[in-house]
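Here's a quick briefing to go with the model. Have the viewer open while you read.

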Amino acid sequence: MKRYLAIFGLALLGVVGTAQAQNCTISLEGNDRMQFDKKSVSVSASCPTITVELKHTGSLPVAAMGHNVVITETGDANDVAQAGIKAGAPNYLPGGDARVIAATDMIGGGQSTSITFPGNKLTAGGDYTFFCSFPGHSGIMRGTVEVTN
Ligand SMILES: [Cu+2]
């Protein structure tokens, strides 16, 4: 009987896990070859809080190979990246820009950083992009943020 209960319990956990499937963390790695480890990430707009984690797995200093993660609507990504270059070091990000939905600190090799933002800043099914705003990086270091409910 105990065994059946255990199996039933596991099955139930499986069903609940699938039904919620809420992903509240975006986790990315950047390296010394100017690459993120993912081309797309998925996150749930229903999360009260979304965490963006960035780990720089390289060894080059932030001034030479800095990485951050900036999230904007896809239509704003190029303009925000340009504004970031104008804004200059160390963050390469326009201050107080409403088009920036979320942005981590700029970090160098061996460092990690994370930020949180409210899930309701995203809309399920919307068209969002993540990119690195370090000069020259956003063309390659970018990907899709898929937003589910
Ligand atoms: Cu970068």
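What follows covers the metal site, the disulfide and the salt bridges.

This is a predicted model, so to speak of local features takes pLDDT of at least 70, side-chain atom pairs count only at pLDDT 80 or more, and totals for chains, interfaces and linings use all residues. Residues are numbered from 1 along each chain as its sequence is written, and side-chain values use heavy atoms, with hydrogens and water left out.

**Copper site**

- The copper ion takes its protein donors from Gly66 (O), His67 (ND1), Cys132 (SG) and His137 (ND1), at 2.1 to 2.7 Å.
- Donors here are N, O and S atoms within 2.8 Å of the metal (3.2 Å for Na, K and Ca); water is not among the atoms, so sites may look incomplete.
- The angles among the 4 donor atoms run from 75 to 129°, and the site is classed as irregular.
- For that label, four donors count as tetrahedral if all angles lie between 85 and 135 degrees; four count as square planar and six as octahedral if opposite donors are over 155 degrees apart and all others between 65 and 115; anything else is irregular.
- Along the sequence, the donor spacing reads G-H-x64-C-x4-H.
- His67 sits in the loop between α2 (62–65) and β4 (70–73), while His137 sits in the loop between β7 (128–131) and β8 (142–148), so this pair links distant parts of the chain, 70 residues apart.
- Those helices (H or I, at least four residues) and strands (E, at least two) are DSSP runs, numbered from the N terminus.
- His67 is buried at 0% relative accessibility, Cys132 is buried at 0%, and His137 is buried at 3%.
- Buried means under 20% relative accessible area, exposed over 50%, and partly exposed in between (1.4 Å probe, protein chains only).

**Disulfide**

- The whole structure has 1 disulfide (a pair of cysteine sulfur atoms within 2.5 Å).
- Cys24 and Cys47 make it, with their sulfur atoms 2.1 Å apart.
- Its S-S torsion is about -90°, so the disulfide is left-handed.
- Cys24 is partly exposed at 21%, whereas Cys47 is buried at 2%.

**Salt bridges**

- There are 2 salt bridges in the structure (a side-chain nitrogen of Lys or Arg within 4 Å of a carboxyl oxygen of Asp or Glu).
- Asp37 pairs with Lys38, the closest N and O atoms being 3.8 Å apart; Asp37 is partly exposed at 42%, and Lys38 is partly exposed at 32%.
- Arg99 pairs with Asp97 at 2.8 Å, N to O; Arg99 is partly exposed at 30%, but Asp97 is buried at 17%.
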